[in-house]
Amino acid sequence: FHAFLRGFLASLYKVVQVDCVISSDVRNDFDFDWGVVSKYLGVPYIVFHRENLVASLTSYNRARETMKSLKRFRGNYIIVHNDIEKRMFLESGYVDESQISALGCLRMDNFIKRIKNGNFPKTKRKRFLYFPFEISAGGIDAYHKVLGVVLQFAIQHPEIDVIVKPKVD
């Protein structure tokens, strides 16, 4: 497969002038071969790792053990949101210090700046925010039942802003 990709990507990169290959998660198996071959061809393979919420010691240890179970990082560079996540990657042995930086969360940095400056919409409306659980934790039937209750609540209470953060597995 890598032999095929070397020929294919070398031709593709000449046509579309690719300067860098970017992935969103070190665990994206479907990006791995493309990234490794790109690096071999001299095109940097960089991961902007999207999963950076290590909210407890348990989740930290679980993430570290997951990274330990993987082969070492074969790309050029990993960018994470925070120093805790960086430390987890380093402790796992997945990546070397020279291959990783904590640069903040691109999706949240402007939001946090707005809050610190007091520049955010003020409303007297109540808000209900629902972060769904992992579907495999309770099964699809339980997921649908809980989501149905949340949606019914939204219908019955139009004076409350109901926000659902979708979970994509």
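Which residue in E2 is the bridge partner of Ile 22? The partner is Ile 46. This is a predicted model, in which local features need pLDDT of at least 70 and side-chain atom pairs count only at pLDDT 80 or more, while totals for chains, interfaces and linings use all residues. Residues are numbered from 1 along each chain as its sequence is written, and side-chain values use heavy atoms, leaving out hydrogens and water. Helices (H or I, at least four residues) and strands (E, at least two) are DSSP runs, numbered from the N terminus.

- Strand E1 (residues 21-23) pairs with strand E2 (residues 45-48) in the parallel sense, over three bridges. Pairing requires at least two DSSP bridges between the strands.
- From E1 the chain crosses through helix H2 (residues 29-40) to E2, in a right-handed β-α-β crossover. Right-handed means that, with the strands pointing away from the viewer, the path from the first strand over the helix to the second runs clockwise.
- E2 and E3 run parallel and are joined by three bridges. Ile 46 has Tyr 77 as its bridge partner in E3.
- The chain crosses from E2 to E3 through H3, and this β-α-β crossover is right-handed.

**Helix H3**

- H3 has 13 residues. Its span from first C-alpha to last is 18 Å, close to the 18 Å expected at 1.5 Å a residue. The expected span is 1.5 Å times one less than the number of residues.
- Ser 59, Tyr 60, Arg 64 and Met 67 are the buried residues of H3. Buried means under 20% relative accessible area, exposed over 50%, and partly exposed in between (1.4 Å probe, protein chains only).
- Seen down the axis of H3, these buried residues fall within an arc of 135 degrees, so they line one face of the helix. The arc is taken over the directions from the helix axis to the C-beta atoms.
- Thr 58, Arg 62 and Ser 69 are exposed on the other side of H3.
- The buried residues of H3 pack against H4, where contact means heavy atoms within 4.5 Å.

**Helix H4**

- In H4 (residues 83-92), the buried residues are Glu 85, Lys 86, Met 88, Phe 89 and Ser 92. Down the axis of H4 they fall within an arc of 160 degrees, so they line one face of the helix.
- Their cover includes helix H3 (57-69), strand E3 (77-80) and strand E4 (100-102).
- Asn 82 caps the N-terminal end of H4, with a side-chain oxygen 3.3 Å from the backbone nitrogen of Ile 84.
- Gly 93 follows H4, and its phi is positive, near 80 degrees.

Terms used
Polar contact = N/O pair within 3.5 Å; in protein donor to acceptor, adjacent residues only side chain to side chain.
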